[in-house]
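Open your viewer, load the model and get ready to select things one at a time. Each stop on this tour tells you what to pick next and what you will find there.

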Amino acid sequence: MLEIRNLHARIAEDGTEIIRGLNLTVKAGEVAAIMGPNGSGKSTLSYILSGREDYEVTEGDILYNGESILELDASERAAKGIFLAFQYPVEIPGVATMQFLKVAMNEQRKYRGEEELKTPDFIRRVKEAAAELKINPDMLKRPLNVGFSGGEKKRAEILQMALLEPNLCILDETDSGLDIDALKIVSDGVNALRSPDRAVIVITHYQRLLEYIVPDTVHVLYKGQVIKTGDKSLALDLEANGYADIIGAAA
Amino acid sequence: MAAVQETIDQVKLIDVDQYKYGFESMIEMDKAPNGLSEEIIRFISAKKDEPDWMLEWRLEAYRRWVTLTEPDWARVNYPKIDFNAISYYAAPKSTPGPTSIDDVDPEILKIYEKLGIPLREQELLAGVKTSKIAVDAVFDSVSVVTTFKEELKKAGVIFMSISEAIREHPDLVKKYLGTVVPTTDNYYATLNSAVFTDGSFVFIPKGVRCPMELSTYFRINEKGTGQFERTLIIAEEGAYVSYLEGCTAPQRDENQLHAAVVELVALDDAEIKYSTVQNWYPGDKDGKGGIYNFVTKRGDCRGARSKISWTQVETGSAITWKYPSCILRGDDSRGEFYSIAVSNGHQQIDSGTKMIHLGKNTSSRIISKGIAAGVSQNTYRGQVSAHRKATNARNFTQCDSLLIGDRCGAHTVPYIEAKNSTAQFEHEATTSKISEDQLFYCLQRGIPEEAAIALIVNGFVKEVIQELPMEFAVEAQKLIGISLEGSVG
């Protein structure tokens, strides 16, 4: 599903190189965890995959379903099924969550040449997905993310993910700012979306989230490169021993 | 910062092509020679077949006007206007004054059709979903037709052009004209009093709820003219009316002047809701041409428990100088001002309101949303005052500005004055930019940039849009979208 080949990327504004020859393959149906110390380029990678223009790819390629996506802008990538659950979801004042969902779903359908959703169909889908995530219907009437608690924001992210039905889901530190109950709800939401034709990339600092969203593969990112790949036991290792050994071995 | 840079680049390309109403129509006109003098005023008055008192009123205003100097306190810059280079009267030869729909020049009807304003009543009725709206169509200096007049008359409502009202209801006009905006009020209002040509007159008698929305559609068509609109709306005790005003003009390289005066009078328990969608030609991408919109609008809550509400969506004009205000004279009266002012390209807007609290327990609310793009300047200027006897006056003001790009400006100039210690005034102001983060978030959800900006802007103005009558709300949202087209990639 996703193949990143020798990717080099830098911050467009000042030219600082963040990703330095990164290779990563994620297959359909796979849940891949990306871990790594602060500043290793985890969040940057999520932005580059989703097409944020603050970063420039200088070398290498990103293949999604076998095709390079480097020339596509963020909205095109989204419509093709790449979804990023933000670490810090952004407030959109005056735009009801419901309205935002409708615009997003219909814009994606438009891009793919599908018909717009009929209102009753749309409402039914939202209600079902919201109930799964224990989202209070009142929250859907409020402006998106405005005044939402940390838990509400993350749940709203997973709600969007469920409704937009992406093929590649990237979760950027979705566990940050969540208490244990909220973490369970969010993880259940993500697990419900696991399917043989969908891949999930989970970016996290902590093993904790991976107890709930159990990964197939774990990749350690350091200074813009994947320096070690393993299965879920690698995450446990890291939790117990820290990054020092792995970094030392790679250096 | 790529997205915003793109936005700025696009704003630079902003072009007149986006102004949909810029077409020019060839209509043979009867036009006054350029220049302003007592003779010209006599000419206008004679054209309108006015009684002597009206002519005297105009002349008095003119004699005063020549002693005044143009105000310069607003945050707008423009070359000095040569008032003698303007023609103060232009009327279609075929339809020199209000007539029945069958006698209106078909070419003029076509223009209104093109503007999306059907004037034939059967067409209006055929327009299925919408409720009925009566229209007074003002073309340059004259009203050419007013629809649903008969039906309104049955309800006791008078809706006609001010020129007709001066002839047919002189007592009412005499009683109210100039009582809210006196001829001495300000430079442009005094000029208007001398040379006003047409506008609407509305009278809702005691206890009547006007059975339909009333509206006036102003079109400037002729070159080298000014339009001097005069509108007077009176709601007697317990009456209610909702009135809408729309305006457009052809795109030309020269600047044209629109100096209007609108007076509203609400007696005890009456309510007037006045909505404007102002879309005069804003000028081209280099700031050439466009309408100078110098307008005095004021409502007098003369009676107890009366209410006047102004809602405006300002997207047009090269320069806007406009402060729809409320005098809260009656005890327990209420004034409201809801405004969306969008400036793009080289547009300059200096707009706001005044809430003058005179009576006891009066309250007012101001919600102003300014959106600036391109190299435009967008100023909110407002005054809230409580006089000595205005016990328990209340005001809430919220002024929010949204900047698109980094070459435009937003300014807020509030004047607050309380002479009564029981007054409670609140003022909140914010300035924000559409952030990179917001844009990227929307894009990441599959919403293309143009749709994302429209979504964010519509969220920003939502509180005000909600105040517009339904039919206008949809129009206004589209219009805001069009005005900002080209400000996005």
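## Stop 1: Chain B as a whole

Select chain B: its radius of gyration is 22 Å, in agreement with the value near 23 Å that a compact globule of 489 residues would have. Please keep in mind along the way that this is a predicted model.

Along the principal axes, its C-alpha trace spans about 65 × 60 × 50 Å. Switch to a cartoon view, and the secondary structure comes to 12 helices and 23 strands. Of the 489 residues, 57% count as buried. Looking at contacts in chain B with a separation of 6 or more, residues 24 or more positions apart account for 83% of them.

## Stop 2: A buried strand in chain B

Now select residues 348-357 of chain B, which form strand β18. Is this strand enclosed or open? 10 of its 10 residues are buried, so β18 of chain B is largely enclosed by the rest of the structure.

Show the side chains and look at which way they point. B:Q348, B:D350, B:G352, B:K354 and B:I356 point one way from β18(B). B:I349, B:S351, B:T353, B:M355 and B:H357 point the other way, and the residues of both sets are all buried.

- Strand β15 (residues 319-322) of chain B runs parallel to β18(B), and four bridges join the two. Here B:K322 stands opposite B:S351.
- Strand β16 (residues 325-328) of chain B also pairs with β18(B) in the parallel sense, over three bridges. For B:I327, the bridge partner in β18(B) is B:I356.
- Strand β20 (residues 377-386) of chain B is joined to β18(B) by 10 bridges, again running parallel. Find B:M355 and you can look across to its bridge partner in β20(B), B:V384.

## Stop 3: A loop residue, B:E50

Where does B:E50 sit? Select it, and you will land in the loop between α2 (38-47) and α3 (52-65) of chain B. B:E50 has 19 C-beta neighbours inside 10 Å and counts as partly exposed; a residue needs 20 or more to be buried.

Leaving aside residues up to four places away in sequence, B:E50 touches B:S45, B:L55 and B:I166. For a sense of scale, draw a C-alpha to C-alpha distance from B:E50 to B:I133: the two are 29 Å apart in space and 83 residues apart in sequence.

## Stop 4: Where the chains meet

Colour the two chains separately and go to the place where they touch. Here 19 residues of chain B are in contact with 25 residues of chain A. On the side of chain B, α1 (2-12), α10 (436-444) and α11 (449-465) each supply at least two residues. By class, this side of chain B has 12 nonpolar, four polar and three charged residues.

## Stop 5: Chain A as a whole

In chain A, 41% of the 251 residues count as buried.

## Stop 6: The six-stranded sheet of chain A

What is the strand order in the open sheet of six strands in chain A? Follow it across as β6-β7-β8-β3-β9-β10, with mixed pairing. At the edges stand β6 (82-85) and β10 (225-230) of chain A, each with a single partner strand, so one side of each is left without a neighbour in the sheet. On average, neighbouring strands of this sheet are turned by 20° against each other, direction ignored.

Zoom in on β6(A) and strand β7 (residues 168-172) of chain A: they run parallel and are joined by four bridges. The bridge partner of A:F83 in β7(A) is A:C169.

## Stop 7: Two packed helices

Finally, select helix α6 (residues 150-164) and helix α7 (residues 180-192) of chain A, which pack at an angle of about 5° with their axes 10 Å apart. That makes α6(A) roughly parallel to α7(A). Show the contact residues: A:G151, A:K154, A:R155, A:I158 and A:A162 come from α6(A), and A:A182, A:I185, A:V186, A:G189 and A:V190 from α7(A). They divide into six nonpolar, two polar and two charged.

Technical notes. Residues are numbered from 1 along each chain as its sequence is written. Chains are lettered from A and ligands numbered from 1 in the order in which they are written. This is a predicted model: local features need pLDDT of at least 70, side-chain atom pairs count only at pLDDT 80 or more; totals for chains, interfaces and linings use all residues. A residue is buried if 20 or more other C-beta atoms lie within 10 Å of its own, exposed if 12 or fewer, and partly exposed in between; C-beta atoms are placed from the backbone. Two strands pair if DSSP finds at least two bridges between them. Two residues are in contact if their C-beta atoms, placed from the backbone, lie within 7 Å. Ala, Val, Leu, Ile, Met, Phe, Trp, Tyr, Cys and Pro count as nonpolar, Asp, Glu, Lys and Arg as charged, and the others, Gly among them, as polar. Axes are lines fitted to C-alpha atoms, for helices over the stretch in contact, and angles run from 0 to 180 degrees between N-to-C directions. Angles under 35 degrees count as roughly parallel, over 145 as roughly antiparallel, 65 to 115 as roughly perpendicular and the rest as oblique. The radius of gyration is taken over C-alpha atoms; the globule rule is 2.2 Å times the number of residues to the power 0.38.
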